[in-house]
Amino acid sequence: MDFFHALADPDNTFLKLALAVGLLSSIAFGIIGTYVVTRRISYLAGAVSHCVLGGIGGALWLKAIFNLEWLDPVYGALLAALVAAFIVGRFGHNPGQREETMIGATWAIGMALGIIFIDLTPGYFDITSYLFGDILLVSSQDLKLIIALDLIIILFVTSCYHQLLAVCFDEEFARLRGLNVELFYQLLLALTAVTVVLLIRVVGIVMVVAMLTLPAAAASLYANRLSGMMLLAIFLSAISIVSGLGLSYNANLSSGPVIILFAGALYFLMAGWKKLYK
Amino acid sequence: MNRKPPIIKITDLDFSYHEHPVLEAVNLEIEKGELGSIVGPNGGGKTTLLKLILGLLQPDRGRIEIFGESPEKGRQKIGYMPQHAHLDPLFPVSVLNVVLMGQLGKQSGGLFGGYPRQALETARAALNEVGLSDCEKDSFHQLSGGQRQRVLIARALCTEPQLLLLDEPTANIDPRSEENLYETLVRLNRRMTILLVSHDLGFVSQVVKSVICVNRQVIIHPTSNINGTLIKEIYGGDFNLVRHDHRCDKDGHHPNKPAV
């Protein structure tokens with residue numbers, strides 16, 4: 001197996017780095033994905049992830065026009081994701097006010113702005129790795145950021161487990177008990193936004209929502225507790241990423257789509273199994 | 001005589017959705033110890049009245065006092081059971097954790113962390129009250145409709161309320177669980193005030209002390225006054241009686257009701 005030989009090769013650090021990033025990002029995918037699925041905000045997460053392109057385009061343009069060497073596109077991506085999360089969280093969560101239209105508009109405008117900024121930026125820029133991800137391009141800087149993200153997520157979720165559970169299970173009741181439902185909701189969306197930005201390295205803008213939802217949705221079919229759903233989703237996500245990375249390396253395919261295919265196949269297998277045998 | 005302030009006091013209240021009047025000129029006082037049923041046709045404003053009492057909706061005009069305070073403050077003393085239809089039926093959560101949600105906001109701030117030991121005791125006592133002590137480790141999504149409703153009543157009890165508000169606790173449950181539910185309510189009424197929304201007038205006249213009729217206007221009647229004329233008045237004549245099937249319901253279920 002080329003993949004395992006390459007992993008064992010002490011000189012081949014980029015593959016080890018990719019594997020480490022993949023495994024560590026499973027933690028963020030599994031935990032945040034569980035909230036995205038149970039709180040039913042995958043459409044919101046989709047809007048946030050597509051707005052990221054606007055931020056990347058804007059940052060590239062500013063960098064080229066004003067010679068801002070320090071301006072990494074990831075800063076633009078983070079800003080765009082957080083702004084988009086705030087907009088859809090603040091205005092896209094108003095039952096009966098056609099929130100889907102609002103979310104869809106944010107989705108499309110964010111992406112369109114990104115493409116226009118990239119058109120305006122002098123020189124050639126290939127956005128394929130942002131759109132579809134390329135886990136083999138990750139740096140040790142990415143690894144540090146993902147470790148920090150995992151730690152923040154784990155800290156937040158362990159300290160507010162019951163409060164988040166109440167907000168996701170029955171928002172109205174949580175509000176009546178005096179919980180600041182809006183604050184928890186915005187925090188959850190902000191964490192979703194940061195997760196999306198850091199993890200587009202792995203599967204890209206277009207498919208990052210699939211990695212947030214497929215492992216968690218498959219886990220929800222078998223889990224009886226939110227915490228169990230998180231652990232199972234982390235496990236399924238790790239399996240998809242490691243298998244996807246291995247197969248794409250061996251077969252010389254793009255890593256993002258192969259990872260997504262593994263996650264999708266797992267989801268349908270598990271859903272089918274449940275239908276047949278449970 | 002030292003008369004205590006009423007638990008709920010609504011004065012000259014109007015409420016409308018998008019300029020469409022739902023409640024008009026409502027005056028209502030609920031005294032401590034009441035066991036009242038809120039009845040009326042669909043769209044008559046029953047759930048709206050509950051949400052106004054809970055401070056989830058704001059009146060266009062008039063005042064609402066809950067335990068002598070604004071609904072936002074007074075609602076801390078209210079245990080509320082919503083209809084469970086709006087909950088995700090697949091949500092992975094244990095029965096005990098659902099009931100424990102009633103204790104949120106009880107600890108200092110309630111913003112972070114887990115539950116203290118005493119919260120666990122309160123939750124178990126509430127489960128015992130609705131007869132579901134053996135189910136605390138079960139998953140909410142594995143329960144029947146009637147059991148879920150009882151879990152949500154336990155969650156409301158777990159808030160240690162002085163007023164219990166139940167939105168259609170008799171919807172979708174079988175006659176035997178319904179009987180158990182009435183016994184539970186009568187027992188609970190010895191220590192707290194209870195208001196429930198119910199479609200079942202047969203039950204209403206047997207257990208509750210008064211009927212609160214909501215059909216744009218709100219009129220409170222002692223149950224001893226319930227008769228055919230009143231039912232017609234509540235539901236707006238024979239046409240609605242037939243449409244809502246209440247006459248049949250009343251006569252058909254009457255002999256099966258427990259004598260209380």
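This is a predicted model: local features need pLDDT of at least 70, side-chain atom pairs count only at pLDDT 80 or more; totals for chains, interfaces and linings use all residues.
**View 1. The six-stranded open sheet of chain B.** Follow the strands across and you will read β5-β6-β7-β3-β8-β9 (chain B), with mixed pairing. Which strands stand at the edges? They are β5 (78–81) and β9 (217–222) of chain B; each has a single partner strand, so one side of each is left without a neighbour in the sheet. On average, and ignoring direction, neighbouring strands of this sheet are turned by 15° against each other.

**View 2. Helix α1 of chain B against the six-stranded sheet.** Helix α1 (residues 46–53) of chain B packs on the sheet. Its contacts are with β3 (35–39), β6, β7 (193–197), β8 (210–215) and β9 of chain B. If you compare directions, that of the helix makes about 150° with that of β6(B).

**View 3. The three-stranded open sheet of chain B.** Here the strand order is β2-β1-β4 (chain B), and the pairing is antiparallel. The edge strands, β2 (20–30) and β4 (61–66) of chain B, each pair on one side only. Neighbouring strands of this sheet are turned by 25° against each other on average, direction ignored.

**View 4. A look along the pairing of β1 and β4 in chain B.** Strand β1 (residues 8–17) of chain B and β4(B) run antiparallel, with 5 bridges between them. Which residue is the bridge partner of I10(B)? In β4(B), that partner is I64(B).

**View 5. Where chain A meets chain B.** At this meeting place, 23 residues of chain A are in contact with 24 residues of chain B. On the side of chain A that touches chain B, α8 (161–169), α9 (171–176) and α12 (226–251) of chain A each supply at least two residues. Which of the elements gives the most? That is α8(A), with 5 residues. Sorted by class, this side of chain A has 11 nonpolar, 8 polar and 4 charged residues.

**View 6. Chain B as a whole.** Of its 260 residues, 40% count as buried. Among contacts in chain B between residues at least 6 apart in sequence, 68% join residues at least 24 apart.

Methods:
Residues are numbered from 1 along each chain as its sequence is written. Chains are lettered from A and ligands numbered from 1 in the order in which they are written. Two residues are in contact if their C-beta atoms, placed from the backbone, lie within 7 Å. Helices (H or I, at least four residues) and strands (E, at least two) are DSSP runs, numbered from the N terminus. Ala, Val, Leu, Ile, Met, Phe, Trp, Tyr, Cys and Pro count as nonpolar, Asp, Glu, Lys and Arg as charged, and the others, Gly among them, as polar. Two strands pair if DSSP finds at least two bridges between them. Axes are lines fitted to C-alpha atoms, for helices over the stretch in contact, and angles run from 0 to 180 degrees between N-to-C directions. A residue is buried if 20 or more other C-beta atoms lie within 10 Å of its own, exposed if 12 or fewer, and partly exposed in between; C-beta atoms are placed from the backbone.
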